[in-house]
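Here are some notes for a colleague who is seeing this model for the first time. Please read them beside the structure.

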Amino acid sequence: MATNTKRNNVLPGFGLTLGFTLAYLGIVVLIPISTIFFKTFTLTWPQFWAAVASPRTIAAYRLSFGASIAGALVNSVFGFIVAWSLVRYEFPGKSLIDVMVDLPFALPTSVAGITLTAIYAGNGWIGRYLAPLGIKVAYAPLGVAVALTFVGLPFVVRTIQPVLEDLDQEYEEAAATLGASRLQTFVLVIAPALIPALLTGFALAFARALGEYGSVVFISGNMPMHTEVVPLLIMSKLEQFDYAGATAIAVVMLTVSFVILLGVNMLQRWSSRRLAA
Amino acid sequence: MSIELRNIAKKFGDFVAVDNISLHIETGELVALLGLSGSGKTTLLRIIAGLETPDTGEVLFHGEDASAVSVRERKVGFVFQHYALFRHMTVFENVAFGLRVIPRRARPAEAAIARRVHELLKLVQLDFLADRYPSQLSGGQRQRVALARTLAVEPKVLLLDEPFGALDAKVRQELRRWLRRLHDEIKITSVFVTHDQEEALELANRIVVMNQGRIEQIGSAEEVYHHPANAFVYNFLGNVNLFHGRIENGRVFLGDTAVELENTHAHAHPETGKAILYVRPHLLEIVMKPNGKQTFPATVKSINPAGPQVKIELVAEWGDMVQVEIDHERYQALHLEPGANVFLRPKEQKLFVYSI
């Protein structure tokens, strides 16, 4: 559909708002981020390569991206179920659960980290039942994934919820009158309508998890090569006054996250364009 | 397939949506459920489809109790008011949906599905739009796609909820005629819900006039329009003027003026003698001179000569607004101007008088 860029709006001020947007993003986002790049440029190529491609760093990338994706995927599935039951059913304590979803937003992440560690440690509430099964959560990569799942949950629930509320039950009824089973209705009718929102929720949860630091330091144990995430690695480089090395890793993280988020964003736009009514 | 409703009742909380309704619909009929919003017509339609479970009563399809039959298995086509087309599917895929969800063993081959879909799209004259998405269609086109999608599964009964409610007046008329022809062609038992009396009168074999969860009258367009069972039906089907009057000794008096109208339908309140009198605008005649006690005086307020009839608004002597429709020839002969004092005379004695 062709859009007319010179449309007469009731509220003028395109120039003003765009100017404000650029200035705001410049001050809040672009300038701080650009200093990361400038600091990195003080390194020579071999120095840069040594910083970003050492085995310890590679292991940290792998854990950070792997655990973040795992956490976001888990949240996509279970966050969807939470959103579904909150939108579709009436039950006592519903508003309480609705509030609980936001807790990971509000809770200081270090508190979450300590709590999760206490629960999942070998002698903790849950950890003591998992330990005999040979499942180690705290001080293991699994623990990192658990912490990242915790911090990402609200994003998925809160992006799906409004879309699900807008999804008229007529669609399901229409599918049923046409002979579709419940599973068919879900797979063919409901899920496709929710995919753009689900992708957005996934991207937000993933991005949040990548940068997560506070909760992970407690539960992971921070063993280099094993349970060390990238933000922690950067922190330890800073503590050793290796500022350029820290920013170099940050640059790689930033670039990769940007590419991934851009990809998800485009996927999301592509799928939502077809749904535009 | 014939539909039989027996003593159907449905409540939502304290609200009685359907109040003990029994109705028989013959195979191949096209029936309208006509009523205001909140009259229970959509609830009744959804009960027939199995989308709503009645509190009491039973639905029989072809003489067999369908209460235990799920929506999926009822073989009922339902066209939703806002079409409920699947937005992420093309027109083709929407129409094919009902065929694709058939269990694999019974499902037609891909080629057969494609053939059937194109056949249906031709039937609704939209074959050229097969690859479009619903968002790219006009309201009328969406409506026809929804109908094609419903017909794909060869339903035994077609149910339409306010099928033309969301369309422009012009498109609505076209689709109405088209649906009438389609029904004549495929002869499927159909029930549609509408609040538009004109739509019901034009389209349906039989009209079920509903009010507050009950049936006021069932009959052909001719019957409900010319022989309304009660004042509600008369009032609902077409424009009416409403006069407050009294009945004394079997004669109707309007306002303080003693206008005598012979009336066989008169039922006044037994103590007060008060009554409401309904007259359709085209059943009032404008005359320049009084004629005994059969006329009453009124003053012309405004005149709207656009349209096949001239619509004239008057104020009766006792203050009630009166609408009158006369033809253009009569209008020219009368030389009416706003402010003119004239007399009104009911053309026929078949007026509706209702006690209050």
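1. In this predicted model, helix H11 of chain A spans residues 230–239, and its buried residues are Val230(A), Leu233(A), Ile234(A) and Lys237(A). These four lie on the same side of H11(A), because the arc they cover around the axis is only 100°. As background, an α-helix has 3.6 residues a turn, so residues three or four places apart point the same way.

2. What do the buried residues of H11(A) pack against? Their partners are two helices of chain A, H3 (55–88) and H12 (243–273). After H11(A) comes Phe241(A), with a positive phi near 60°.

3. Chain B has an open sheet of five strands, ordered S15-S19-S16-S17-S18, with antiparallel pairing. The edges are taken by S15 (284–287) and S18 (321–326) of chain B; each has a single partner strand, so one side of each has no neighbour in the sheet. From one strand to the next, the twist averages 45°.

4. Within that sheet, strands S16 (residues 296–304) and S19 (residues 341–346) of chain B run antiparallel and are joined by four bridges. In one of these strands, S19(B), Val342(B) is the bridge partner of Ala298(B).

5. The contact between the chains involves 18 residues from chain A and 21 residues from chain B. On the side of chain A that touches chain B, the elements giving two or more residues are helices H8 (169–177) and H9 (182–211) of chain A. H8(A) gives the most, six residues. By type, this side of chain A has 11 nonpolar, three polar and four charged residues.

Key. Residues are numbered from 1 along each chain as its sequence is written. Chains are lettered from A and ligands numbered from 1 in the order in which they are written. This is a predicted model: local features need pLDDT of at least 70, side-chain atom pairs count only at pLDDT 80 or more; totals for chains, interfaces and linings use all residues. Two residues are in contact if their C-beta atoms, placed from the backbone, lie within 7 Å. Ala, Val, Leu, Ile, Met, Phe, Trp, Tyr, Cys and Pro count as nonpolar, Asp, Glu, Lys and Arg as charged, and the others, Gly among them, as polar. A residue is buried if 20 or more other C-beta atoms lie within 10 Å of its own, exposed if 12 or fewer, and partly exposed in between; C-beta atoms are placed from the backbone. The arc is that of the directions from the helix axis to the C-beta atoms. Two strands pair if DSSP finds at least two bridges between them. Axes are lines fitted to C-alpha atoms, for helices over the stretch in contact, and angles run from 0 to 180 degrees between N-to-C directions.
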